[in-house]
Amino acid sequence: MKAKSFILLGCLFIGTLFAEGKSKKAVTPERVISVDYNNVKGDFNTMFKECIGAGRANEGLRADWQQQLAYVKKACDFKYIRMHGLLTDDMGVYREDKNGNPEYNYQYVDVLFDYLESIGIKPFVELGFMPSALASGSQTIFWWRGNVTPPKDYGKWADLIRNLTTHFTERYGAEEVKTWYFEVWNEPNLKGAFWTGTQEEYFKLYRYTAKAIKDVNKDYRVGGPATAGAAWVPETIDFCSKNAVPLDFISSHTYGVKQGYLDEYGNSGTVLSKDPMSVSGDILNSVHDSYHEAAYVLQKIKQVGNAANSMSYWVFTDIFEESGPRFTPFHGGFGLLNTQGINKPAFYSYKFMNQLGNKELTNADSCSWACKNAQENVQVLLWDFTNTHPGDSVNNQVYYTRDLPAKAKGKVKVNITGIPAGTYTLEIYKVGYRVNDPYSDYLTMNKPKQLTKQQVEQLKKQNDGSPVATESITVKENTAFVKELDLRENDVYFLNLKKQ
């Protein structure tokens, strides 16, 4: 059985050597990124933009959520979106009459999915949580009370899934729905949190769900187990193989932290893992407001390489209410944008990656990409990732709320040979400490609990991603393009060479 793999979301460039001599004074060598315009590695892997996460389906009915998703879609070009709560009570999907007969209603689901279709993004359909009228128990998770118990009647559950899948087919057409993914539940291995049943009961749920979907169309894609920490993956494959149960893709979630994987009420402490292969080693964590996050995201995506078909970031916006509405504009929220739509550093990681050309150039540097496109434009995205977190003694929620100036890491030189002769416009973009770093600007404002309209506009303007430098470059025959930059801890640079 062959299934695609999906992961829901340094080079640790130290760069310090000791010179010979009595003093052993530390020196920082220059980092050199050397590429040849004519040495193409292959097509650039864009698995990073296959999918993006969102909080729950009901939040997708909000105007500000929809506006932010359209903005992020345009800048980053995510193909799919995944969210919790499609079947929870606030979506009004299921109830039973006085005789226990099911009644289905997809009006809210239609509003949401129609909007996704209108902006060109497809649903990655997470099937959960349990409608209370179909639930075997009352245990819930999160402020919005998603029921996490198995169905009281697996036959009625299958009927709901079959009816819903039929509705999608009638509304959007079979050819469109064939391009979707149907994922069974979320993190069932976190017993007592997202699933009160056993592994065996999850496999039963999976079997009933997969059969119901395939009853509608055998070509529709269904998978799981959507577990935390890559758990249950071999067991799921084994179960499906032995029982002839369809499994079209494998999905799992990883966090890059040593504790605090689940923070239902927004109070738990997390500690960023010191393991340089955390996240990528399984195939993010409350650094989300900090400038550190931009380099962290790039580092993990680069490390994963071709090992996954999709690596989805959780989530695109801080309009995200697992623990309830948040009372401050910057609170370590997972979003690429904060609640007011201010671009956070990780937003630029995805925007820059989306601007890389479709052909990747061979490059020995493990913390950069160099690409080109058919218009003879060249792009280089480079970064330093340095984990400055002090370790287990300090939670991320304490450490990353501070002002954290970045230390110098020396110079980085970009050297591109074989570039076609001509005149180019060079645009240099940057993310780092005090550069497209709205949280540090927010600290300068003395951390107001509520932002005025003027403060929101000020933060947006100061962090709008404008080039930090623009210049005209003339490249002569048989000469290289060379650019040297000052590099600090966790700086990200995007160089865009556009042929005039």
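Colleague: Where does alanine 374 sit?
Modeller: In this predicted model, alanine 374 is in the loop between strand 18 (368-372) and strand 19 (378-383).

Colleague: Is alanine 374 buried or exposed?
Modeller: Exposed, with a relative accessibility of 71%.

Colleague: What is the phi of glutamate 376?
Modeller: Positive, about 65°, although glutamate 376 is not a glycine. For background, most residues other than glycine have a negative phi.

Colleague: OK, and asparagine 446, what is its phi?
Modeller: Phi of asparagine 446 is near 70°, again a positive value in a residue other than glycine. Asparagine 446 is in the loop between helix 10 (438-444) and helix 11 (453-462), and at 68% relative accessibility it counts as exposed.

Colleague: While we're on the backbone, which peptide bond is cis at proline 225?
Modeller: The bond from glycine 224 to proline 225 is cis, with omega near 0°. Proline 225 belongs to strand 14 (residues 221-228).

Colleague: And what joins tryptophan 314 and valine 315?
Modeller: A cis peptide bond, with omega about 15°. Valine 315 is in the loop between strand 16 (310-312) and helix 8.

Colleague: Let's switch to helices. How do helix 7 and helix 8 cross?
Modeller: The axes of helix 7 (residues 292-304) and helix 8 (residues 345-355) come within 7 Å and cross at roughly 45°. The two helices are therefore oblique to each other, and the crossing is right-handed.

Colleague: Which residues meet there?
Modeller: From helix 7, Glu293, Ala294, Val297, Leu298 and Ile301 meet Pro345, Ala346, Ser349, Tyr350 and Met353 of helix 8. By class, the contact of helix 7 with helix 8 has 8 nonpolar, 1 polar and 1 charged residues.

Colleague: How many residues of helix 8 are buried?
Modeller: 8 of its 11 residues are buried, so helix 8 is largely enclosed by the rest of the structure. The buried residues are Pro345, Ala346, Phe347, Tyr348, Ser349, Tyr350, Phe352 and Met353.

Colleague: Now helix 3 and helix 5: what are the angle and the distance?
Modeller: Helix 3 (residues 154-172) packs against helix 5 at an angle of about 35°, with the axes 8 Å apart. Helix 3 passes helix 5 in a right-handed crossing.

Colleague: Which residues make that contact?
Modeller: On helix 3 they include Trp157, Ala158, Ile161 and Arg162, and on helix 5 they include Leu205, Tyr208, Ala212 and Ile213. The contact of helix 3 with helix 5 has 9 nonpolar, 5 polar and 4 charged residues.

Colleague: Aromatics next. How many aromatic pairs are in the whole structure?
Modeller: A search finds 48 aromatic pairs. In one of them, tryptophan 185 and tryptophan 195 have ring centres 5.2 Å apart and planes at 70°, so the pair is edge-to-face. Both tryptophan 185 and tryptophan 195 are in the loop between strand 13 (181-184) and helix 5 (199-216), 10 residues apart.

Colleague: Are those two tryptophans buried or exposed?
Modeller: Tryptophan 185 is buried, and so is tryptophan 195.

Colleague: What about phenylalanine 352 and tyrosine 429?
Modeller: Phenylalanine 352 and tyrosine 429 form a tilted aromatic pair, 6.1 Å centre to centre and 50° between the planes. Phenylalanine 352 lies in helix 8 and tyrosine 429 in strand 21 (residues 422-431), so the pair ties together parts that are 77 residues apart in sequence. Phenylalanine 352 is buried at 3% relative accessible area, and tyrosine 429 is buried at 12%.

Colleague: And which residues form the aromatic cluster with Trp185?
Modeller: Among them are Phe129, Phe142, Trp144, Trp157, Trp195, Tyr202 and Trp232.

Colleague: Last topic: what does isoleucine 416 touch?
Modeller: Not counting residues up to four places away in sequence, isoleucine 416 touches Val35, Tyr37, Val378, Val380, Ala480, Phe481 and Leu497. Isoleucine 416 lies in strand 20 (residues 408-417) and is buried, with a relative accessible area of 0%.

Key. Residues numbered from 1 in each chain as written. Predicted model: local features only at pLDDT ≥ 70, side-chain atom pairs only at ≥ 80, totals over all residues. Heavy atoms only, no water. Axes fitted to C-alpha atoms, helices over the stretch in contact; angles between N-to-C directions. Helix = DSSP H or I, 4+ residues; strand = E, 2+ residues; numbered from the N terminus. Parallel < 35°, antiparallel > 145°, perpendicular 65-115°, else oblique. Left-handed = near helix turned anticlockwise from the far one by under 90°. Contact = heavy atoms within 4.5 Å. Nonpolar A, V, L, I, M, F, W, Y, C, P; charged D, E, K, R; others polar. Phe/Tyr/Trp six-rings, centres within 6.5 Å; stacked < 30°, edge-to-face > 60°. Buried < 20%, exposed > 50% of the residue type's maximum accessible area, 1.4 Å probe, protein only.
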